[in-house]
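Please look over the sequence and the structure before reading the points.

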Amino acid sequence: MYNVVDSFYAGEISTAALAALGLSFPVFLLIIATSGGLSRGASALIANAIGSQEEDKQRRYIAQSVSLGLVVSMVMTVTGIFVAKPLFELLGGTGECLEMAMGYMIPIFLGSVFFIISSLSNAILIASGDSKTFSKVLVVGFFLNLILDPWFLYGGYGLPAMGITGIALATVVIQIGSSLFMVSTVVRRGLLELNSWQVLLPDLKTYREIAEQALPASFNIMSVALGFFVTTYFLKSFGDQAVAAFGVTTRIEQIGLLSTMGLYAAIMALVGQNNGAGNFDRVRQTMRVANRIGLLLSIVTSVTIYVFASQLVQIFTDDAAVIEIGVECLHIIMLVQWSYVMTSTHLAMLQATKRPRYGFFESVLRKVLLPLPFFYVLVWSWQFEIAAVWWIISGTNVFMTVITVIYAQWVLRHLGRVKMGV
């Protein structure tokens, strides 16, 4: 929803600003991938330790996940500042669009530590069964963003007009407040003991355990960014309007998938703790309920977005070409929205049972390796209309969902009777 609000106000500036946010989305997703991967890995380990009643291991995982998050965020900030411009140029960013994309991403990279620490604090709470605290923080942050975005964008009350950079700074300011509150909550509940700074000193063995769970999850999310790069690379031949429409529809699609994110968090806590306790029937029961809920919610959101596609796109832009492309995209993608949900619930189960590597394999195939040859042949060589891009994305999603469900259901049936593997 932060990105949705940011896109709305970027659209108020110009189509070039909206395209700049579309261009910056895959780069921004690298931060989300890193924080998300660390959070998923840490949450899986912490939840399993809680389930097996290994309190010392639980506290060690919590402290070292925060420690690792601080190290990774510093590396990401430095690296991101240097690689952002070449990446934007690779995607075809030039002139005003490139300048705006850089103006948006530099503050985001400088504030990446707050994104990561806030996400890790949430992972600690979710593993302990608390999904409410962060939801409240996000709701407050969302409404603050509605206030800060136009203030920082247009200026006033002692602040100069900062344009698209102000939109990014508003998000960073809110993330600073969120991370401080989340960390204080974790400390106040005794989950993270900071009696001595030595608890944050790197423990390479624990770093490795967390990394083994986190890296596949991070690469899974990063492959989404890579897939976004690939799609944007081929879309640029259709012009800035196509890139802008893709950015808008991605954010609308995210709204439709909010329930999936909630299910992912619930599965991580319930499956993780019960897997650690050896209560495998409870794991299977959790998945049956989660999948039923996921399918029901996906049908409701898909139909709603399909029917109101034009009105939703017009929230972000009044550019007729962008609206036309965006509506066509949503009408195709919404036909297979259920596949995202089914993939997500089963990947969450695999992560919670300490089998994260399949997620990376699945996402690389779905987002990059499978669509790439079709993009090259149909879009570049045969010069199909832009609708071919949306059909390629939809087809690969459905194919990989079938593969994922077959594998995950096999794991569920044999849970507790096979050694932990991929």
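The notes below go from the whole chain to single residues.

The model is predicted: local features need pLDDT of at least 70, side-chain atom pairs count only at pLDDT 80 or more, and totals for chains, interfaces and linings use all residues. Residues are numbered from 1 along each chain as its sequence is written, and side-chain values use heavy atoms, with hydrogens and water left out.

**Overall build**

- The protein has 17 helices and zero strands; these are DSSP runs, numbered from the N terminus, with H or I over at least four residues for helices and E over at least two for strands.
- Along the principal axes, the C-alpha atoms fill a box of roughly 60 × 55 × 35 Å.
- Of the contacts (heavy atoms within 4.5 Å) with a separation of 6 or more, 83% are between residues 24 or more positions apart.

**Surface and charge**

- Buried residues make up 55% of the 422 residues; buried means under 20% relative accessible area, exposed over 50%, and partly exposed in between, with a 1.4 Å probe and protein chains only.
- The accessible surface (Shrake-Rupley method, 1.4 Å probe; for residues, only the protein chains shown count as cover) is about 18100 Å², and 67% of it belongs to carbon and sulfur atoms.
- The 25 positive and 23 negative charges have mean positions 16 Å apart. Lys and Arg count as positive, Asp and Glu as negative, while His and the chain ends are not counted; each charge is placed at NZ of Lys, CZ of Arg, CG of Asp or CD of Glu.

**Arg251**

- Arg251 belongs to helix α9 (residues 240–256).
- Arg251 is buried but has no salt bridge, and the nearest side chain of opposite charge, Asp6, is 7.1 Å away. A salt bridge requires a side-chain nitrogen of Lys or Arg within 4 Å of a carboxyl oxygen of Asp or Glu.
- Beyond neighbours within four places in sequence, Arg251 contacts Asn3, Val4, Ser7, Leu21 and Phe25.

**Loop residues**

- Most residues other than glycine have a negative phi.
- Gln53, in the loop between α2 (15–51) and α3 (55–90), has a positive phi near 60° and is exposed at 74% relative accessibility.
- Gln383, in the loop between α16 (371–381) and α17 (387–414), has a positive phi of about 55° and is exposed, with a relative accessible area of 63%.
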